[in-house]
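Hi everyone, thanks for coming. Let me put the sequence and the model up on the screen, and then we can walk through some side-chain contacts together.

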Amino acid sequence: QVQLVESGGGLVQPGGSLRLSCVASGSIWSIGAMRWYRQAPGKQRELVAVSTTASNLNYADSVKGRFTIVRDSAKKTLYLEMNSLKSEDTAVYLCNAEIRETVRSPRNDYWGQGTQVTVSS
């Protein structure tokens, strides 16, 4: 079975930095798009960044210039490098990936459990 596990969240002061990791494991033939979402209490889930390939990257306007999504295909790992953090970035950050388990399998959507990021002084 496929699993996505996020890590790297924590408490950081405004202006600080964090790097989140998302490791995919299990039966994996190929990985398509990988995404970071975030969800804050009382708010809708927000798409933060997308990596369709290692070099095709897109970001939400709210994080452009501050966050970088990085894909390491060999390690089956997705990173989110977060700089110049603001209190508005406080949320649970969730990893999402489109994965085919075998060459004959359809592409399915998988989610991690999330990691908490809190930006506060």
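So, to start: how many aromatic pairs does the count come to? Before I answer, a word on where this comes from: it is a predicted model, where local features need pLDDT of at least 70 and side-chain atom pairs count only at pLDDT 80 or more, while totals for chains, interfaces and linings use all residues. Residues are numbered from 1 along each chain as its sequence is written, and side-chain values use heavy atoms, with hydrogens and water left out.

The answer is one aromatic pair, where rings of Phe, Tyr and Trp (its six-membered ring) pair if their centres lie within 6.5 Å. The partners are Y37 and W111, 5.0 Å centre to centre with 45° between the planes, which makes the pair tilted; planes under 30 degrees apart would be stacked, over 60 edge-to-face, and the rest are tilted. Y37 sits in strand β4 and W111 in strand β10 (residues 108-111), so this contact ties together parts that are 74 residues apart in sequence. Strands here are DSSP runs of E, at least two residues, numbered from the N terminus.

How exposed are the two rings? Y37 is buried at a relative accessible area of 15%, and W111 is partly exposed at 32%. Buried means under 20% relative accessible area, exposed over 50%, and partly exposed in between, with a 1.4 Å probe and protein chains only. Y37 has another neighbour too: R45 lies over its face, 4.9 Å from the ring centre. For that label, NZ of Lys or CZ of Arg must be within 6 Å of the ring centre and within 35 degrees of the ring normal.

Now to the charges. There are six salt bridges, each a side-chain nitrogen of Lys or Arg within 4 Å of a carboxyl oxygen of Asp or Glu. One of them joins R38 and D89 at 2.9 Å, N to O. R38 is in strand β4 (residues 30-39) and D89 in the loop between β8 (77-82) and β9 (91-100), so the bridge links parts 51 residues apart in sequence.

E98 and R107 meet at 3.2 Å, N to O; E98 is buried at 12% relative accessibility, whereas R107 is exposed at 58%. K64 and D61 meet at 3.1 Å, N to O, and D61 is exposed at 63%.

Thanks, and happy to chat!

Methods. Helices (H or I, at least four residues) and strands (E, at least two) are DSSP runs, numbered from the N terminus.
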